[in-house]
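I opened this notebook to keep track of what I looked up, and in what order.

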Amino acid sequence: MTAQAEPELETKTEDLTVREAIRQALREELDRDDDVFLMGEDVGEFGGVLEVTGSLYEEFGEERVRDTPISEAGFTGAATGAAATGTRPVVELMFSDFSGVAMEQIMNQMAKMRYMFGGKAEMPVTVRTTEGGGMGAASQHSGTVHTWMAHFPGLKAVAPGTAAAAKGLTKAAIRSNDPVFVFENKMIYEQTGQVPTDEEFTVPIGEASIEREGDDVTVVATQRLVGESLQTAERVAEDLDVAVEVIDPRSLYPLDTETIVESVSKTGRLVVADESPLSYGTHAEIVARVQEEAFFSLDAPIQRVGTPDTHMPFSTPLENEVLPDGDDVRAAIERIA
């Protein structure tokens with residue numbers, strides 16, 4: 001599915017943070033469909049460890065916003081069973097690193113049940129989880145594991161980089177009849193943007209967004225690096241007279257390869273910026289698809305911007321050294337522009 005430059009929204013919009021946009025999506029879907037309910041550690045009375053679920057417990061009650069024991073395997077498995085019987089659970093895994101505790105339920109049950117039942121069982125479960133460094137939360141709370149879920153057949157994985165995408169993808173995930181992981185970068189919760197107020201607004205899963213048009217270099221960036229790449233593109237335009245096109249894939253699986261390939265066919269140059277480790281990950285998948293479909297359009301080697309193959313340090317100076325940022329994106333652009 002090909003994405004065009006985002007047109008001016010005809011519907012009314014409001015300025016929301018990413019956190020507010022996600023909460024608004026959850027509120028609207030809880031209100032719209034009685035089969036939707038939230039579950040996870042501290043999502044209820046506490047309002048979420050990063051305050052995303054907020055006052056939803058008071059608004060919808062403990063039957064619809066359920067606090068769970070500290071057992072990721074237990075409540076992820078419960079959600080899988082609940083989805084198989086027709087409800088639409090929205091699970092919060094407090095940090096994406098904790099998905100390893102629930103991997104049996106995710107990989108062998110949630111992802112495979114529809115296939116193993118010959119398509120007769122639907123699996124409308126949404127898993128929200130936070131990821132990424134920048135908070136000094138050390139390695140067990142700062143991982144970026146979205147590549148794992150994008151790799152497993154039967155799962156969809158989305159990773160919004162803007163407030164509008166955060167709301168639209170969350171709503172689309174809840175309405176999907178397949179399991180969807182929504183990866184929220186914790187460092188952009190306070191980032192603001194214009195978000196449609198229409199309660200039927202969704203972002204199609206599998207459709208990228210061209211956040212900025214340009215003719216010289218394509219930057220495919222995810223999550224936090226979308227905003228950083230947009231700021232870098234502005235500076236590069238002023239300093240080097242290089243027009244950078246910035247694409248937010250929004251969905252990691254399914255991936256909108258067509259939009260990326262069309263952009264690279266125009267610019268001839270590609271930078272892939274994603275916070276996950278560089279080896280065997282999101283970068284590699286995007287690079288491989290462009291190599292297969294747009295090799296003869298390339299005028300320079302593809303550049304990758306990401307985290308080195310290391311765990312996230314607790315030390316702030318070391319964490320800053322490891323995390324990719326706009327300066328790294330600029331350096332990659334300058335190598336090939």
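**Entry 1: a charged pair**

I began with R224, which is buried at a relative accessible area of 10%, where buried means under 20% relative accessible area, exposed over 50% and partly exposed in between, with a 1.4 Å probe and protein chains only. I noted that this is a predicted model, in which local features need pLDDT of at least 70 and side-chain atom pairs count only at pLDDT 80 or more, while totals for chains, interfaces and linings use all residues. Residues are numbered from 1 along each chain as its sequence is written, and side-chain values use heavy atoms, with hydrogens and water left out.

Which side chain meets R224 in a salt bridge? I found E275, at 3.0 Å from N to O; a salt bridge here is a side-chain nitrogen of Lys or Arg within 4 Å of a carboxyl oxygen of Asp or Glu. The pair links distant parts of the chain, with E275 in strand β13 and R224 in helix α8, 51 residues apart. Helices (H or I, at least four residues) and strands (E, at least two) are DSSP runs numbered from the N terminus. E275 also counts as buried, at 3% relative accessibility.

**Entry 2: other salt bridges**

I then looked up E245, which forms a salt bridge with K266, the closest N and O atoms being 2.6 Å apart. E245 lies in strand β11 and K266 in helix α9, so the pair ties together parts that are 21 residues apart in sequence. E245 counts as buried at 2% relative accessibility, whereas K266 counts as partly exposed at 41%.

For R330 and E334 I recorded a salt bridge of 2.8 Å, N to O; the two are four residues apart in helix α12 (residues 326–336) and are therefore separated by about one helical turn. E334 is partly exposed, with a relative accessible area of 39%. I also noted one network, in which salt bridges that share partners join E28, E29, R32, K167, K171, R175 and E200. The structure holds 23 salt bridges.

**Entry 3: the sheet**

In what order do the five strands of the open sheet run? I read the order as β9-β11-β10-β13-β14, with mixed pairing, two strands being paired if DSSP finds at least two bridges between them. The edge strands are β9 (209–212) and β14 (303–307), each of which pairs on one side only.

Strand β10 (residues 217–221) is mostly covered, five of its five residues being buried. V217, V219 and A221 lie on one side and T218 and V220 on the other, so that both faces are covered. β10 pairs in the parallel sense with β11 (residues 244–248) over four bridges, and V217 has V244 as its bridge partner in β11. The chain crosses from β10 through α8 (residues 224–240) to β11 in a right-handed β-α-β crossover, meaning that, with the strands pointing away from the viewer, the path from the first strand over the helix to the second runs clockwise.

**Entry 4: D256**

Last, I looked at D256, in the loop between β12 (251–253) and α9 (257–267). The backbone nitrogen of A208 lies 3.0 Å from a polar atom of the D256 side chain.

Terms used. Polar contact = N/O pair within 3.5 Å; in protein donor to acceptor, adjacent residues only side chain to side chain.
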